[in-house]
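Good morning, and thank you for joining.

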Amino acid sequence: MDFQNRYTCYFPDFRGHGRTRCESLEWSTPRLADDIRALMDCMNIEKAHLIGYSMGANVGLYLAVNDPARVATLTTIGTGGFCDPAGADEYEPERLVEQGKQDIIRQMMERHQEAHQGNWQEFMRQSAADWRRYPDLSEAQLSSIGCPVLIIAGEHDTYAVADKIIQLVSLIKGSQCLIVPGAGHRPHMGREQPVLVNDTILEFLAKNSNLK
């Protein structure tokens, strides 16, 4: 409730995810960034604070690079900002079945049932394909980001490792960084350090924007 008490908050499901319905099951990080821009246009939101987790953080980076006038501040959680295809093969549907990872399959079926129309296999293929290719932003593009940026990662996050975080912070001039001690890929969630993460984001927003 901390954020809702101070800001007007929106929690959109991405194309291909959750309860967002679309005839096409295809999606990618750049296309999702286009969708967020279109959503802002539809709702007459000229500029917004963007907070993105994992792939959502990469979507935020694309918006900050390609449509900077729409981004008041950007907070990324759980991304190193650079493509790392290692591990993507493990999320191909055939691999999940082969390894007997029924818990993951069940989660994908339940969480994204409406979006993928019951075709969890295609959802996982799209996820693996996006993982292998994005984010695909050059150092020059990342260096062009001019809005205030807060970069958050768990100390033990295998997707946002230290060397990538250091490189990302060095490229985005004036960016701030929080490495959450003892946390993994979900430092903002209940079993990790949500109070620290939320308080840090709220302080960052209060200091860096007049848009509420």
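Why does R95 count as partly exposed? R95 does so because its relative accessibility is 28%, and partly exposed is the class between buried, under 20% relative accessible area, and exposed, over 50%, with a 1.4 Å probe and protein chains only. Before going further, I note that this is a predicted model, in which local features need pLDDT of at least 70 and side-chain atom pairs count only at pLDDT 80 or more, whereas totals for chains, interfaces and linings use all residues. Residues are numbered from 1 along each chain as its sequence is written, and side-chain values use heavy atoms, with hydrogens and water left out.

R95 forms a salt bridge with E90, with 3.3 Å between the closest N and O atoms; the term denotes a side-chain nitrogen of Lys or Arg within 4 Å of a carboxyl oxygen of Asp or Glu. E90 is also partly exposed, at a relative accessible area of 28%. Over the whole structure, the search finds 15 salt bridges.

Two further pairs deserve attention. R37 and D34 meet through their side chains at 2.8 Å, N to O. They are three residues apart in helix α1, so about one helical turn separates them; helices here are DSSP runs of H or I with at least four residues, strands are runs of E with at least two, and both are numbered from the N terminus. R132 pairs with D89, again in a salt bridge, with the closest N and O atoms 2.8 Å apart. This pair links distant parts of the chain, 43 residues apart: R132 belongs to helix α6, and D89 to the loop between β2 (71-77) and α3 (93-98). R132 is partly exposed at 30% relative accessibility, as is D89 with a relative accessible area of 49%.

Finally, the surface. A nonpolar patch is formed by Y10, L39 and M43, with about 260 Å² of accessible area together. Patch members have over 30% relative accessible area and no salt bridge, with like charges joined within 9 Å and nonpolar side chains (Val, Leu, Ile, Met, Phe, Trp, Tyr) within 5 Å; the areas come from the Shrake-Rupley method with a 1.4 Å probe, and for residues only the protein chains shown count as cover. Y10 lies in the segment before α1 (29-42) and is partly exposed, at 45% relative accessibility.
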